[in-house]
Every structure is written in C-alpha cells, then in structure tokens.
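Please open the model in your viewer and keep the selection tool at hand. The stops below go from strands to side chains.

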Amino acid sequence: MPVYAYECKSCHHAFDIRQSFDDEALTRCPACGEQTLRKKFGTVGVTFRGSGFYSTDSRGSSSPSGSSQD
C-alpha cells in the first residue's frame, strides 16, 4: 500500500499515512479537527542507472544508423 503525505491548511500539521488505493482521501485534521486537510504531492525519487535504459542505450552522436548522407 502506498504512503501519502498530508498537511492541514489551518494549523500546518503534516504527517504521512499508509492507505489503500481504494481508500477515500482524508479531510479532517487529527491535530485541530478542521476539514482543511489536503494531500501533498511531490516529485518521485526514482533514478534509472545502468545499461538497459533509454538514456544510456539511445543512439550516440556517432551512430551510423539513420545517418545516410549520400
């Protein structure tokens, strides 16, 4: 199950919680009780390294294929 980050717009209380994809998003802040809780979205921390990925296996600057200058 994924972990979601939430932050209250009223009191700025922030926390992470593990929820199922089918669970409804939380709306009530556990700290102040207000209905101003929102999910926080950020960048995904994935780095592709090694051979077998497009960035390392794509054509190079001296690729003979597709460079027909007859």
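This is a predicted model: local features need pLDDT of at least 70, side-chain atom pairs count only at pLDDT 80 or more; totals for chains, interfaces and linings use all residues.

Residues are numbered from 1 along each chain as its sequence is written, and side-chain values use heavy atoms, with hydrogens and water left out.

Select the strands (DSSP runs of E, at least two residues, numbered from the N terminus). Three of them form an open sheet in the order β2-β1-β3 with antiparallel pairing, where pairing requires at least two DSSP bridges between two strands.

Next, select Tyr4, Tyr6, Cys8, Phe15, Cys29 and Leu37, the six residues of the largest nonpolar core, meaning buried Ala, Val, Leu, Ile, Met, Phe, Trp, Tyr and Cys residues joined through side-chain atoms within 4.5 Å. Strand β1 (residues 3-8) gives the most to this core, three residues.

Finally, centre on glutamine 19, in the loop between β2 (14-18) and β3 (37-40). Is glutamine 19 buried or exposed? Glutamine 19 counts as buried because its relative accessibility is 5%, and buried means under 20% relative accessible area, with exposed over 50% and partly exposed in between (1.4 Å probe, protein chains only). Beyond four places in sequence, glutamine 19 touches Met1, Pro2, Tyr4, Tyr6, Glu24 and Leu26, contact being heavy atoms within 4.5 Å.

Methods. Helices (H or I, at least four residues) and strands (E, at least two) are DSSP runs, numbered from the N terminus.
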